[in-house]
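The sequence and the coordinates come next.

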Amino acid sequence: MTNKLRALLTGAAIFVGGSASAAECIAPANPGGGWDFTCRQIGKIMYDIGEVDQPIQVTNMAGGGGGVAFTTVVNERGDDSDLIVAASQATATRLAQDAYGGATADQVRFVGAIGADPGVIVVAADSPYQNLTDLLDAMKADPGSVAFAGGSAAGGFDHLKVLQLAKAYGVEDVRSIRYIGVDGGADAITQTIGGFTQGMTGDMSEVVGFLESGDVRAIAVLADERVPGFDIPTAKEQGVDVVAVNWRGLYVPKGVSDETFNDWAAKLQAVADSEEWQQAMADNGLAPFTVVGDDFQAFIDKNIADVQALSREIGIIQ
């Protein structure tokens, strides 16, 4: 390779403002879950609307409820300006609970969120539980008789949804409720379809395909109102006052420049404003939720404080 060619290639690799090189989005879970959805949808739309010049490469990096990806970014790619990482309420929850081995939210820069994924409880198509109260009645009679699978680690946001529902319904021993944390919503649904768990706790975007195929039934959506296009009753309709929505967004390494951070924020805002994103939200049951740039960091700080308070109340952390 000539020195001139090497210099040209190097220049392309570090040119971020115009995205001359292919950027990468890390999805901290296996294919098929919410983080994977975030990378693939946002990355595709960024390319489709001309915000990047090449398709964004998606890398699945499962493990530790997002902890493997977070640690990798902090320790190995702390100034990589071509890297974005899918994040969600699950990310903030794990950081709030010190579940990433001492890692803290200020070790990365949160770019923004552009959609809210309502929480959902699903059961297998042939499950005897016809609605949320059927399931909660069984849990109230014997908390250990109903097991759930979720795409976040034990104590994570998917787990917290179940605990919030149980607590609101008057289940006394919520710590006896069995929960299996797997790497992503698709894996969690597989556990439920296979009969290994009685229910799956996740987000709308993770279950749409499985609802359409008839593999599972959704018995509650954890939103203020029903999601348009999906005939799923809210938990509140069924007498259980719990709302749990999972924002979908991105973070970048802490060591990137302000210019790079602002550039990614502008690209994310462009996606949020696009017709393509509006359609993606409608197709996948997402609700509008746009907080981008510096305002999002303030949101994250408050969010983490709130989750810590809830986790202490339920007994997840001391």
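Over the ring of which residue does the charged end of Lys-140 sit? The ring is that of Tyr-169, and the charged end of Lys-140 sits 5.1 Å from its centre.

## Basis of the values

The model is predicted, so local features need pLDDT of at least 70 and side-chain atom pairs count only at pLDDT 80 or more, while totals for chains, interfaces and linings use all residues. Residues are numbered from 1 along each chain as its sequence is written, and side-chain values use heavy atoms, with hydrogens and water left out.

## Charges over rings and aromatic pairs

A charge is taken to sit over a ring if NZ of Lys or CZ of Arg is within 6 Å of the ring centre and within 35 degrees of the ring normal. Besides the case of Lys-140 and Tyr-169, Arg-109 lies over the face of Phe-261, at 4.2 Å from the ring centre.

Rings of Phe, Tyr and Trp (its six-membered ring) pair if their centres lie within 6.5 Å, with planes under 30 degrees apart counted as stacked, over 60 as edge-to-face and the rest as tilted. By this rule there are eight aromatic pairs. In one of them the ring centres of Trp-247 and Phe-296 are 5.1 Å apart and the planes stand at 90°, so the pair is edge-to-face. Because Trp-247 lies in strand 9 (residues 245–253) and Phe-296 in helix 11 (residues 294–314), the pair ties together parts that are 49 residues apart in sequence; helices (H or I, at least four residues) and strands (E, at least two) are DSSP runs, numbered from the N terminus. Trp-247 counts as buried at 2% relative accessibility, and Phe-296 is buried with a relative accessible area of 0%, where buried means under 20% relative accessible area, exposed over 50% and partly exposed in between (1.4 Å probe, protein chains only). Both residues belong to one aromatic cluster, formed by Phe-70, Tyr-100, Phe-110, Trp-247, Tyr-251, Phe-289, Phe-296 and Phe-299.

Helix 4 (residues 89–96) is largely enclosed by the rest of the structure, because eight of its eight residues are buried. These buried residues include Gln-89, Arg-94 and Leu-95. Just after helix 4, Asp-98 takes a positive phi of about 55°.

Trp-264 has its place in helix 9 (residues 258–273) and counts as buried, at 1% relative accessibility. Leaving aside residues up to four places away in sequence, Trp-264 touches Ala-23, Met-46, Ser-81, Asp-82, Leu-83, Ile-84, Val-111 and Val-252, contact meaning heavy atoms within 4.5 Å. Val-252 is twelve residues from Trp-264 along the chain, and their C-alpha atoms are separated by 8.6 Å.

## Pockets

On a 1 Å grid over the protein atoms alone, a cavity is a set of points where a 1.4 Å probe fits but cannot get out, and a pocket is an open set with protein on both sides within 12 Å along at least five of seven lines; lining residues have an atom within 4 Å of a point. Grid points are joined across faces, edges and corners, and a volume is the space filled by probe spheres set on the points. The largest pocket holds about 390 Å³ of space. Of its 16 lining residues, the closest to the centre are Gln-89, Phe-157, Val-245, Asn-303 and Val-307. Helix 6 (157–169), strand 9 and helix 11 are the elements that give two or more residues to this lining, and helix 11 gives the most, with six. By class, the lining has eleven nonpolar, three polar and two charged residues, with Ala, Val, Leu, Ile, Met, Phe, Trp, Tyr, Cys and Pro counted as nonpolar, Asp, Glu, Lys and Arg as charged, and the others, Gly among them, as polar.

The second largest pocket has a volume of about 150 Å³, and its lining includes Pro-118, Glu-225, Arg-226 and Met-281.

## Cavities

The whole structure has two cavities of 30 Å³ or more. The largest cavity contains about 100 Å³ of space; among its 15 lining residues, Trp-35, Ala-90, Gly-151, Asp-158 and Glu-206 are the closest to its centre. Its lining divides into three nonpolar, eight polar and four charged residues.

The second largest cavity, of about 30 Å³, has a lining of eight nonpolar, no polar and no charged residues. Helix 5 (132–141) and helix 6 each give two or more residues to that lining, and helix 5 gives the most, with four.
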